[in-house]
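Morning, everyone. Please look at the screen, and we'll go through this one step by step.

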Amino acid sequence: MNYNWNWSIFFEPSPEGVGTYADMLLSGLVWTIATALSSWVIAFCLGSVVGVMRTLPSKAAQAIGTAYVELFRNIPLLVQMFLWYFVAPELLPEKLGSAIKQLPNAPFYTAVVCLGLFTAARVAEQVRAGILALPRGQRMAATALGLTVAQSYRYVLLPNAYRIILPPLTSEFLNNLKNTSVALTIGLLELTARARAMQEFSFQVFEAFTAATVLYIAINLVVIVAATLLERAVAVPGTR
Amino acid sequence: MFSNFDFGVIASSLPYLFGQGMVFTVTLTALAAAMGVVFGTLIAMMRLSGIPGISHLAKGYVELMRSLPLVLVIFWFYFLVPYIGAWATRSPTPIQVGAFSSALITFTLFEAAFFSEIMRAGIQSIPKGQTAAAQALGMTYWQTMATVVLPQAFRNMLPLLLTQTIVLFQDTSLVYVLSLTDFLGAASKVAQRDGRLVEMYLFAAVVYFAVCFTASFLVRRLHSRVAIIR
């Protein structure tokens, strides 16, 4: 193995003119985190709605929820990314389509929408599983107390369900974070894309990828610690 | 909206899309899944072995693979495999590895981490008494595993293993980042050659959906048939 290691490469100026290679990777990290957080907002809200729909008494709501989940789970993320980036603007009315194409940071907005809708299907499955894991008596008790369906979800079912599914939701959040790297195919300059660019400019393949690997592991650890703290903070006293 | 939708471009590229693209995707999925399950089972056995160094090594490997994005892992192996090959064959220069072999190694090793988690649950689902009984009969560790534990673990976990294989089938589309001609890569090449992005990407989505939806429906049916009533 004769590979020329050069760890000081990170402090050399990048060919982009501003900053070093380290700055380049860190700007990628910022885009990764921004994309992950923004898409998670969509995923969490929409996923909760779809997950609840799948447990409602109404057959129509169940069918819509199931259709959503099946549609978004059975198409690869990369294909969905291309559909939103290349196909969706063409199918919209011409003016709106070209306005979208000319947006600054179009890859970012596309990636946020695409990941949000993709992850929402996964969140919906978790929310549904959480609600179904509750004893049936809880729903009955809520009805017996005279709560409407909406009230029983708001005050009885969802507060319990979210606590149950916190660990799987954490891993969905991490999946969402990792999936942001797929957006490099539509030109989002996130962490993996920046590591790849650094490799192409500097030819220091393994330094670039090692740095990206370390950064991904670091965010993972931060998220896991935060999730553990959150789990402790919201635990119902006396349940464990 | 669909007024200038051109079905001709899809029809004329069908032999290319399926003859090359889909064959590549299916071959990669099948080989990576088969080898991934074998490696995954070995990793799960290492992790459950209780031998300090070995179980930590397995745990570290699984955690590492699970915390990295697949795209980054694809890039890692694409550049790393030639060097590992050179080291293994004592060659002074990095060896040439075909794009398909590189992708196959990547997906096998990456998916092995996920299969190992499934197999770990499968092995743990077998009551301890069975292992104890096998040992009481004088069976060695490998005999116990091969004839008592693993056959049942595979049976119990078959639906999950197949579901993970469907995920793998979708994930193979990411070889796009290496410009390989899998199904999506083929669709993308035709799309860019003919300027027909809308038709080709929508068609690719429909095909992936049809395959994955059918496969997961069949897995659900299988699940209800093989489920052991306890």
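What covers the buried residues of H8(B)? Keep in mind that this is a predicted model. The cover includes helix H3 (77-91) of chain A. It also includes three helices of chain B: H1 (7-48), H6 (141-171) and H7 (183-194).

Which residues of H8(B) are buried? Here they are: B:Val198, B:Glu199, B:Met200, B:Tyr201, B:Phe203, B:Ala204, B:Ala205 and B:Tyr208.

Now check the helix itself. H8 of chain B runs over residues 197-226, which is 30 residues. At 1.5 Å a residue, the helix should span 44 Å. Its end C-alpha atoms are 43 Å apart, so the two values agree.

Next, the contact between the chains. Chain A puts in 29 residues, and chain B puts in 30. H3(A) gives the most, with eight residues. What kinds of residue make up that side of chain A? There are 18 nonpolar, seven polar and four charged.

Last, the record. An unreviewed UniProt entry lists "transmembrane region" for chain B at residues 22-46, 67-89, 95-115, 160-180 and 200-219. Take two of those spans. Residues 22-46 of chain B are 100% helix, with end C-alpha atoms 35 Å apart. Residues 95-115 of chain B are 81% helix and 0% strand. The end C-alpha atoms of that span lie 29 Å apart.

That's it from me. Thanks.

Terms used
Residues numbered from 1 in each chain as written. Chains lettered and ligands numbered in written order. Predicted model: local features only at pLDDT ≥ 70, side-chain atom pairs only at ≥ 80, totals over all residues. UniProt positions renumbered as here; feature names shortened; annotations may be inferred. Helix = DSSP H or I, 4+ residues; strand = E, 2+ residues; numbered from the N terminus. Expected span 1.5 Å × (residues − 1). Buried ≥ 20, exposed ≤ 12 C-beta atoms within 10 Å, placed from the backbone. Contact = placed C-beta atoms within 7 Å. Nonpolar A, V, L, I, M, F, W, Y, C, P; charged D, E, K, R; others polar.
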